[in-house]
Amino acid sequence: MAEAKKLNSWCFVCGAENPQGLHIKKLRTEHGCRCDFTVERGWCGYAGILHGGIYAAILDEIMGDAVNYRLKTAVTLDMTIRYISPGREGMALVCEGEVASVSGRRAKARGTIREAATGKLISEATGHYLRVDVENLKERADGQDAAGI
C-alpha cells in the first residue's frame, strides 16, 4: 500500500504533492469509490462551467480506484463520457464509480457525477481498465511507451 501511495503522490486528481492538482479526497465505498467536491473557479472553462477535461479526470480517477480495489493496480484503456448538464462554479458535486464487470485482467467500470443538493445527473461515464504489474509500470514511467504493460 505504501508503494501505491508513492506512485500517486503526484497524481493530478488526488496527489497531495502536486501543487497544480485538484487535491480530491476519495472514499472507498461498499460498491467502489466516491468523492465529494465543490467546483472551483480555476477548474472552469466557458462562463463559469466546469471544464470537460476536469469531469473526465475525476470520473477516470474514481472509476479507476473502484477497479483498483478489485484488481490491485489497473490502467485506463478507454473511457466514454456523456456531459448531461453543466457543473457550475461553487456547485457541490458527488462522483461515484463502481465495477460493472471483470474478465481476467480486464474490467469495465461506470461512474457518475451528480449535484450534491438534488442528486441531478451532471455527467456519466464508462471505462475499460487493464490490471498491470506495479514494478513494470514504474520501470516504464521514464517516458517509454506502454507496450508490454
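## Exercises on rings and a buried serine

Phenylalanine 37 is buried, and tryptophan 43 is buried too. Keep in mind that the model you are working with is predicted.

**Exercise 1.** Find out how the rings of phenylalanine 37 and tryptophan 43 are arranged as an aromatic pair.

*Solution.* Start with the general idea: a pair of aromatic rings is described by the distance of the centres and the angle of the planes. For phenylalanine 37 and tryptophan 43, the centres lie 6.1 Å apart and the planes make 45 degrees. Planes under 30 degrees apart count as stacked and those over 60 as edge-to-face, so this pair is tilted.

**Exercise 2.** Describe the aromatic pair of tyrosine 55 and tyrosine 83, then decide whether each residue is buried or partly exposed.

*Solution.* Geometry comes before surroundings. The pair is edge-to-face, with 5.2 Å from centre to centre and 75 degrees between the planes. Next, locate the partners: tyrosine 55 belongs to helix α2 (residues 52-71) and tyrosine 83 to strand β3 (residues 74-83), so the pair links distant parts of the chain, 28 residues apart. Now look at accessibility. Tyrosine 55 has a relative accessible area of 3%, so tyrosine 55 is buried. Tyrosine 83 reaches 46% and therefore counts as partly exposed.

**Exercise 3.** Work out where serine 123 sits and what its side chain reaches.

*Solution.* Serine 123 is part of strand β6 (residues 121-131). Its relative accessibility is 0%, so serine 123 counts as buried. The serine 123 side chain reaches the backbone oxygen of arginine 82 at 2.9 Å. Beyond four places in sequence, the contacts of serine 123 include Tyr55, Arg82, Tyr83 and Thr112.

Note on methods
Residues are numbered from 1 along each chain as its sequence is written. This is a predicted model: local features need pLDDT of at least 70, side-chain atom pairs count only at pLDDT 80 or more; totals for chains, interfaces and linings use all residues. Side-chain values use heavy atoms; hydrogens and water are left out. Helices (H or I, at least four residues) and strands (E, at least two) are DSSP runs, numbered from the N terminus. Buried means under 20% relative accessible area, exposed over 50%, partly exposed in between (1.4 Å probe, protein chains only). A polar contact is a pair of N or O atoms within 3.5 Å; within protein, one must be able to donate a hydrogen and the other to accept it, and residues adjacent in sequence count only if both atoms are side-chain atoms. Contact means heavy atoms within 4.5 Å. Rings of Phe, Tyr and Trp (its six-membered ring) pair if their centres lie within 6.5 Å; planes under 30 degrees apart count as stacked, over 60 as edge-to-face and the rest as tilted.
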